Amino acid sequence: MLKKISHIGIAVHDIEEAARFYTQQLGLTIGGIEEVADQKVKVAFLPIGEVRIELIQPTSPDSAVAKFLEKNGPGFHHIAYQVEDVAAALEGLKAKEVKTVDQTPRRGAHQTLIAFLHPKSSGGVLTELVQETDGHK
Ligand code: CMX
């Protein structure tokens with residue numbers, strides 16, 4: 001079902017400030033910054049090999065990421081796996097009694113379809129499934 005790791009999400013208070021470590025000290029390049037209004041976040045992707053580091057900054061105090069930052073401070077937030085068909089993967093996992101955050105897929109950054117599994121079902125690791133669509137950037 002899983003094809004590869006798509007990205008690793010890191011929660012940050014300020015993308016520009018956090019990105020300095022990845023660009024100036026680790027030598028990565030920002031592939032783009034995008035607002036995902038639906039999730040009340042702004043994200044920056046920094047490609048490394050086939051994987052991307054995703055810096056996530058909340059754009060509203062009631063964003064899930066704002067709540068995470070309040071409780072834990074900045075740091076690792078989620079892992080995202082690429083799948084061929086996110087709706088089918090979600091149904092398959094629900095049938096295996098995995099608790100999901102999303103009941104159906106929704107739009108993610110870069111014209112992807114995404115769904116989150118609940119950390120209570122995955123050993124405390126927030127897990128995202130990602131399907132690239134035709135318009136994927
Ligand atoms: N990793 C691990 N555990 C997490 C977590 C995370 N990133 N975020 C929240 N939790 C835990 C909390 O610590 C809490 O645990 P306890 O019950 O043991 O205290 C539990 O999940 C519930 O957390 P909460 O703060 O009460 O928040 P909610 O129930 O409102 O929401 C969650 C939790 C995971 C459902 C919500 O954060 C969510 O929907 N996340 C997915 C959406 C998201 O993060 N989008 C931004 C990503 C951007 C992108 O890549 O597109």
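Predicted model: local features only at pLDDT ≥ 70, side-chain atom pairs only at ≥ 80, totals over all residues.
User: OK, back to His77. Where is the place of His77?
Analyst: His77 sits in strand S5, which covers residues 75-83. Helices (H or I, at least four residues) and strands (E, at least two) are DSSP runs, numbered from the N terminus.

User: And what does His77 touch?
Analyst: Leaving out residues up to four places away in sequence, His77 touches Gly9, Ile10, Ala11, Ile56, Val65, Phe68 and Leu126. Contact means heavy atoms within 4.5 Å.

User: How far is His77 from Arg52 in space?
Analyst: Their C-alpha atoms are 14 Å apart, and the two residues are 25 residues apart in sequence.

User: What about Gln82, which strand is that in?
Analyst: Gln82 is in strand S5. Gln82 is buried too, with a relative accessible area of 8%.

User: Which residues is Gln82 in contact with?
Analyst: Setting aside neighbours within four places in sequence, they are Met1, Leu2, Lys3, Lys4, Ser6, Val130 and Glu132. Take Ser6: it is 76 residues from Gln82 along the chain, yet their C-alpha atoms are separated by 5.2 Å.

User: Let's zoom out. How many helices and strands are there?
Analyst: The protein has 3 helices and 8 strands. In sequence order, the pattern goes β-α-β-β-β-α-β-α-β-β-β.

User: What radius of gyration does the protein have?
Analyst: The protein has 15 Å, which agrees with the value near 14 Å that a compact globule of 137 residues would have. That radius is taken over C-alpha atoms, and the globule rule is 2.2 Å times the number of residues to the power 0.38. Along its principal axes, the C-alpha trace spans about 45 × 35 × 25 Å.

User: How much of the protein is buried?
Analyst: Buried residues are 43% of the 137 residues. Turning to contacts with a separation of 6 or more, 54% of them are between residues 24 or more positions apart.

User: Which residues make up the largest nonpolar core?
Analyst: There are 11 residues in that core: Ile10, Val12, Ile15, Ala18, Ala19, Tyr22, Leu28, Ala44, Leu46, Ile53 and Leu55. At least two residues of this core come from each of helix H1 (15-25), strand S3 (41-48) and strand S4 (51-58). H1 gives the largest share, 4 residues. A nonpolar core here is a set of buried Ala, Val, Leu, Ile, Met, Phe, Trp, Tyr and Cys residues joined through side-chain atoms within 4.5 Å.

User: What does Tyr22 touch?
Analyst: Not counting residues up to four places away in sequence, Tyr22 touches Ile10, Gly27, Leu28, Leu46, Ile53 and Leu55. Apart from this core there is another, of 9 residues, including Val36, Val43, Phe45 and Leu69.

User: New topic: loops. Where is the place of His110?
Analyst: His110 is in the loop between strand S6 (106-108) and S7, and Gln111 is found in the loop between S6 and S7 as well. His110 has a positive phi of about 55° although it is not a glycine. Gln111, also not a glycine, has a positive phi of about 55°.

User: Is Gln111 buried or partly exposed?
Analyst: Gln111 is partly exposed, with a relative accessible area of 38%, whereas His110 is buried at 9%.

User: Last one: what does Val125 touch?
Analyst: Val125 touches Phe76, Ile79 and Pro119, residues up to four places away in sequence not being counted. The place of Val125 is in the loop between strand S7 (112-117) and strand S8 (127-132). With 30% relative accessibility, Val125 counts as partly exposed.

Note on methods: Residues numbered from 1 in each chain as written. Heavy atoms only, no water. Buried < 20%, exposed > 50% of the residue type's maximum accessible area, 1.4 Å probe, protein only.
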